[in-house]
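Welcome, and please open your viewer.

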Amino acid sequence: MKYSGVGGQAVMEGVMMKNEDRYAVAVRKPDHTIDVKVSTFKETIKNKKLRRLPFIRGVINFIESLILGMQTLMYSASFFEDDEDEKKKKEAMTQEERKAQEEKEKKQEKAMMGGTVAFSVVFALGLFFFLPYFLSGIFHKVISSDTVIALLEGLIRLAIFIGYIALISLTPDIKRVFMYHGAEHKCINCIEHGMELNVENVRKSSRQHKRCGTSFLLIVMLISIVFFLFIRVDSRILQLVLRLLLIPVIAGVSYEFIRLAGRYDNRLVNILSKPGLWMQKMTTREPDDEMIEVGIASVEAVFDWRKWQKEENV
C-alpha cells in the first residue's frame, strides 16, 4: 500500500483524516452519534511531475490544505448551525423545494468559503508579516543596524504568533478543537508505532507529531527570519513586495523540512523538530475517549492501517 503518512486536522467537534486523494470527516453530532463523510479531494494542479517537484510541492500542498481545511470546518460546523425551527421548515418542504434549498445553500457555502479563505490569507499576512515589519521599523530611530532590525522583526513575528495561539486557546471552542487535534495526533502515532488502533492504545500514545501543521507554521516563522536577514533591499516598498514574493518560497522550504522530519528519525532532525513539538503543547490537548473514538472513525474510513502495519512490519 502506498503511504506517505496519513495526515489530518481537527475540525469543530471532529477530525479530518486524509490519505492520498481521499479524506474523511468524522463529527460527533449533538445527539452524540458519529457522522463520517468520505470524499475525494480534487487537486488544484493535475500535473503529477509538477506536484512532485521539491519546494513547488510544498506550495501546492499548503494551498490545498487551506482549501480542504476550510471545506471540512464548514462541513463540521453545519451540524451545529440549524436550530429546531429551521429543521422543522426543511422537514415540511417537498422534495423539489428541499433540493432547491440545498442547491442554494451549496452556492452560499462556496461564496462563504471563498470569502473566508481570502479573509484568512489577508488577516494572516497582515498580522504575521506586515505588522512585525512596521513595528520593527519604529526602532530605526534608535538602531542603525539593518541586521539587528531584521532579527527584531523576526522576534516580533514569533511573539505575535505564540501570543495569538495562547490567546485563542483560552476560548472554550478552541480548547475543544485542540483536544480533537490531540486525538488526531494520538491516532496517527498509535498506527505508526505498530499498535492496535483502539481507544486504550490511542489514549497512551503521544499527542505530538513531527508532521503537524503547527510545526510547519513555526518553521515558516523561523525560516522567514533567515530569508529576510540575508535578502534585503533599500526601498521600503520593495521590502514589502519582497516579503510577499518570498512567502511561497518560504512555505516550500518549510514543507521540505517537515517532510524530511516525518520520514527520518535521527538526532539532528529530532533537535530541529523540538521547537515545533514544543508549540504543539499549546495546540493539542488531551482528548476524552469520545473524541478518540471520532479520531479512530476518521482513520478507518480512509486507511487500512492493519494492512499497512503488516506490510511495514512496524
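Begin by selecting the buried residues of H11, which pack against S2, S3, S4, H6, helix H7 (199–203) and helix H12 (305–312). Packing here rests on contact, meaning heavy atoms within 4.5 Å. Helices (H or I, at least four residues) and strands (E, at least two) are DSSP runs, numbered from the N terminus. Before going further, note that this is a predicted model, in which local features need pLDDT of at least 70 and side-chain atom pairs count only at pLDDT 80 or more, while totals for chains, interfaces and linings use all residues. Residues are numbered from 1 along each chain as its sequence is written, and side-chain values use heavy atoms, with hydrogens and water left out.

**Stop 1: helix H11**

Colour Met291, Ile292, Val294, Gly295, Ile296, Ser298, Val299 and Val302, which are buried in H11. Buried means under 20% relative accessible area, exposed over 50%, and partly exposed in between (1.4 Å probe, protein chains only). Now check the helix length: 14 residues at 1.5 Å a residue should span 20 Å, and the end C-alpha atoms of H11 are 21 Å apart, which agrees. That expected span is 1.5 Å times one less than the number of residues. At the start of H11, show Asp288: one of its side-chain oxygens comes to within 3.2 Å of the backbone nitrogen of Glu290.

**Stop 2: the sheet**

Next, select the four strands, which form an open antiparallel sheet in the order S1-S2-S3-S4. Two strands pair if DSSP finds at least two bridges between them. S1 and strand S4 (34–40) are the edges; each has a single partner strand, so one side of each lacks a neighbour in the sheet. On average, neighbouring strands are turned by 15 degrees against each other, direction ignored. Axes are lines fitted to C-alpha atoms, for helices over the stretch in contact, and angles run from 0 to 180 degrees between N-to-C directions.

Zoom in on strand S3 (residues 22–28), joined to S4 by seven bridges in an antiparallel run. Ala24 has Val38 of S4 as its bridge partner.

**Stop 3: Arg28**

Stay in strand S3 and pick Arg28. Is Arg28 buried or exposed? At 9% relative accessibility, Arg28 counts as buried. A polar atom of its side chain lies 2.6 Å from the backbone oxygen of His32, and one lies 2.9 Å from the backbone oxygen of Glu290. Among the residues that Arg28 touches are Glu13, Phe80, Tyr180 and Val294.

**Stop 4: Glu13**

Move to Glu13, in the loop between strand S1 (7–11) and strand S2 (14–19). Most residues other than glycine have a negative phi. The phi of Glu13, however, is near 55 degrees, a positive value. Glu13 is buried, with a relative accessible area of 17%.

**Stop 5: Glu153**

Finally, select Glu153 in helix H5 (residues 146–168), which counts as buried at 2% relative accessibility. Its side chain and that of Arg157 make a polar contact of 2.7 Å. A polar contact is a pair of N or O atoms within 3.5 Å; within protein, one must be able to donate a hydrogen and the other to accept it, and residues adjacent in sequence count only if both atoms are side-chain atoms. Show also Phe129, Pro132, Tyr133, Ser136, Phe228 and Arg243, which Glu153 touches.

Key
Lists of a residue's contacts leave out its neighbours within four places in sequence.
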